[in-house]
Amino acid sequence: MPKCQFINPDDMRRKCSIEFEPIPVNAYSRTVKDELARFSPVQLLRIQRDMEVIRAFETSLNEVKLRGQYKGIEYSHRGPAHLSLGQEASAVGQAFLLGPGDHIYGSHRSHGEILAKGLSAIEKLPDDSLMDIMRGYFGGACLAVVEKDARGSVKDLAVDYLIYGALAEIFGREAGFNKGMGGSMHAFFPPFGIFPNNAIVGGSGDISAGAALFRRVHRRGGIIIANIGDASLGCGPVWEGICFASMDQFTKLWDASHRGGLPIIFNFVNNFYGMGGQPVGETMGFEILARLGAGVNPRQMHAERIDGLNPLAVVDAVARKKEILERGEGPVLLDTVTYRFSGHSPSDASSYREKAEVEAWQKVDSLITYAAALVDAGVCAKGDVEAIRQSAETIVLKAFKKAVNLEISPRADLKAAGSLLDRTMFSNERVESPLPDAIPEVLIPKNENPRVKQLATKSRSAFDASGNRLPKGRCINIRDAIFEAVLDRFYADGALIAYGEENRDWGGAFGVYRGLTESLGYHRLFNSPISEGAIIGTAVGYALEGGRALVELMYCDFLGRAGDEVFNQLSKWQSMSGGLLRMPVVVRISIGSKYGAQHSQDWSAMCAHVPGLKVVFPSTPYDAKGMMYSALLGTDPVIFFESQRTYDQPEEFAPGGVPAGFYEVPLGEPDVKKEGRDLTILTVGATLYRALEAAAILNAKYGISAEVIDARSIVPFNYEKVVESVKKTRRVLLASDACQRGSALETFAANITQFAFGCLDAPPVVLGARNWITPPDEIEDAFFPYPADFLDAVHEHIIPLDGYAPVRPSSASDLMKRSAEGL
Ligand SMILES: Cc1ncc(C[n+]2csc(CCOP(=O)(O)OP(=O)(O)O)c2C)c(N)n1
Ligand SMILES: [Mg+2]
């Protein structure tokens with residue numbers, strides 16, 4: 001396995017030019033008659049059937065949104081309906097040859113893709129598998145509704161099931177595919193290979209690259225298709241996903257058994273519009289979308305434009321691209337031309353386009369042109385097509401009647417304690433490996449790892465046997481402790497992979513991973529592109545497919561680049577799936593220090609604000625190691641904050657120091673680091689050590705005994721110990737390095753007030769960083785809370801300290817004045 005590429009200056013400086021190959025545009029030219037050599041008449045008719053089902057399904061929704069009724073059945077649908085009327089052939093052609101193990105990820109306009117993929121899977125799955133799926137999925141709740149008036153064969157039943165499950169989901173019913181928690185734009189059904197559809201347009205771009213990564217890492221067959229709208233091609237996640245999937249290392253550095261490009265088609269469903277904007281001629285500059293494959297890699301992503309109005313052209317393209325992916329030459333880009341007849345949503349009056357244009361495309365409507373071609377080729381008679389259409393409408397109407405009926409299809413009761421959302425915000429499971437059969441592939445025995453050997457010579461405590469403090473360099477510190485837990489899990493969990501910027505030979509920007517490279521091949525530990533969005537987004541996709549990922553953002557400030565992936569994707573899919581999915585992803589985020597405004601921000605509160613994320617911030621080696629174990633054994637997304645101030649910190653609190661072996665520190669449990677009587681100080685993160693200094697001064701100079709509690713976690717958070725402490729001390733000061741306004745401390749303070757109001761002698765006081773940008777290191781003591789600020793806060797707001805003169809203005813009126821100025 002090569003370690004890296006040798007960059008030869010002679011090669012890099014040689015004069016030459018880059019040549020591009022022609023990109024095929026609408027090259028398919030076979031007729032239905034020609035295709036009779038490849039496909040049976042039954043198969044060719046099935047394409048028409050599937051398109052008719054989608055047309056009837058979307059028509060029912062269009063009618064309901066526009067007229068409040070479908071075929072005389074009244075219904076008011078409050079949610080969205082982004083319809084794909086006109087786009088049927090592109091969806092059906094794509095799904096036609098895919099197996100259930102090929103997965104599609106899509107966007108807000110995905111009803112057609114869901115139905116096409118589902119109908120294709122039903123065709124391919126044996127009856128007993130279909131029954132097992134329907135019986136097993138959420139305890140058979142959806143099956144129970146459709147089975148009552150089952151018609152004909154198991155496949156007929158499965159078609160009813162698919163249509164009802166999708167419609168019930170769109171109408172927010174508990175028997176829907178995602179218990180009504182996803183709705184129209186997010187509906188999906190994994191057993192048929194239909195994976196999350198994303199209302200954040202382009203959101204599937206990097207998630208699906210992560211799904212393809214899973215296939216490569218675990219040598220699984222099958223392909224991934226990312227369905228993305230043409231107007232979303234400019235989105236960050238799409239580009240980051242494309243670049244991630246095109247990394248050279250897959251073909252140049254990964255070992256032979258894992259080598260090969262990612263098996264993914266980035267399929268652009270090109271209907272020539274965003275909501276109203278036109279990518280061609282207005283919001284983009286590519287002219288022909290397929291062009292954009294050209295510069296991505298020397299293979300130009302095998303890009304081509306295909307006629308998505310001809311289902312057979314799409315079938316043909318997907319078959320050819322699948323072969324390319326199976327040869328390990330992915331990723332692939334398809335520009336699938338189509339057109340939506342309906343508005344962006346039914347309420348859209350199409351003011352941005354001409355009626356004549358819509359009519360011109362309606363003249364080449366696939367349902368008409370393909371049907372005519374079938375008749376022309378002698379596959380069927382005109383009447384057969386009409387019968388197919390009527391049958392599709394009948395099936396949809398039957399499902400529609402059930403889905404709108406509240407007695408047959410009730411909604412989840414979210415008001416009761418222990419409701420569906422109470423149960424699904426977190427899965428809270430403890431799983432050794434999400435892939436119990438995956439062998440943890442390592443390069444050397446653990447005890448031969450050079451860092452393991454080096455750590456064996458270090459003290460596991462900050463103190464020697466006589467209680468004397470040892471030099472820091474001789475002790476296990478936080479970065480060592482995290483390394484130990486991570487390494488251990490790599491030897492135990494074959495599903496686990498880790499990546500991020502400079503994660504391999506560099507050892508992670510702050511050396512936490514130093515030594516991991518020696519134990520792990522590229523497929524388990526690799527450098528990612530500088531693509532914070534894709535780092536998180538691909539981890540989401542990797543986890544959705546069944547893996548467990550440990551990913552890293554170098555500085556908390558870079559979280560902004562991964563905002564959507566952390567706040568909308570990582571956090572939401574467990575509950576949007578109705579509790580079906582698990583999201584075992586641990587995101588290590590280092591909070592910087594000394595590097596000023598864009599490298600030293602503590603955004604722990606921002607993450608804590610987002611439902612669906614566990615947020616922890618250990619500050620001692622013992623806690624960091626034990627909490628990393630817990631995080632890596634869980635099934636929920638964990639944002640694991642680390643402070644660069646404390647990476648060198650040895651263990652001062654745990655008797656016996658940091659255990660060499662396995663132990664868990666539960667997430668959500670604060671820990672008393674120093675007992676006291678008169679004041680509780682609750683800290684988050686590295687502020688702990690400044691709080692302890694302040695506590696020592698308070699004791700020595702003012703006789704105040706402070707109890708110091710390290711929150712360790714922000715979400716979840718068990719208040720019991722804190723409330724118990726406050727009941728004893730009757731006062732509480734809360735401190736962290738996050739800007740005070742809107743911080744987690746404010747939430748803690750409000751809750752403590754509520755939970756222990758009767759016991760308080762003073763209001764809980766919050767001491768955060770100033771509501772400023774972080775100034776450079778040399779002057780940052782004016783920004784972060786230092787011991788003097790603790791004393792100021794105690795003196796001004798909790799207990800006046802005899803003879804104390806505040807270091808800076810922090811009285812109530814000072815704080816009010818600052819607030820009025822937005823500071
Ligand atoms: C990140 C994000 N930005 C904007 C929107 C609002 N929005 C919804 S659909 C849409 C147009 C998307 O166009 P395209 O990707 O071509 O898909 P199409 O609607 O044509 O299927 C926009 C701007 C969104 N949902 N997500
Ligand atoms: Mg579009």
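Select the magnesium ion (ligand 2): its donors (N, O and S atoms within 2.8 Å of the metal, or 3.2 Å for Na, K and Ca; water is not among the atoms, so sites may look incomplete) follow the spacing D-x40-N-x1-Y along the chain. Asp-230 lies in the loop between strand 5 (224–229) and helix 10 (236–245), and Asn-271 in the loop between strand 6 (264–270) and helix 12 (279–283), so the pair ties together parts 41 residues apart in sequence. Helices (H or I, at least four residues) and strands (E, at least two) are DSSP runs, numbered from the N terminus.

This is a predicted model: local features need pLDDT of at least 70, side-chain atom pairs count only at pLDDT 80 or more, and totals for chains, interfaces and linings use all residues. Residues are numbered from 1 along each chain as its sequence is written, chains are lettered from A and ligands numbered from 1 in the order written, and side-chain values use heavy atoms, without hydrogens and water.

Stay on the ion. Asp-230 (OD), Asn-271 (OD1) and Tyr-273 (O) coordinate the magnesium ion (ligand 2) at 2.0 to 2.1 Å. Both Asp-230 and Asn-271 are buried (under 20% relative accessible area; exposed is over 50%, partly exposed in between; 1.4 Å probe, protein chains only).

Next, pick ligand 1. An oxygen atom of ligand 1 is 2.8 Å from a side-chain N or O atom of Arg-109. A polar side-chain atom of Asp-230 also lies 2.8 Å from an oxygen atom of ligand 1. Then show Val-201: one of its backbone N or O atoms is 3.2 Å from a nitrogen atom of ligand 1.

Finish at Trp-772, in the loop between strand 20 (765–769) and helix 29 (787–797). Trp-772 counts as partly exposed because its relative accessibility is 33%.

Key:
A polar contact is a pair of N or O atoms within 3.5 Å; within protein, one must be able to donate a hydrogen and the other to accept it, and residues adjacent in sequence count only if both atoms are side-chain atoms.
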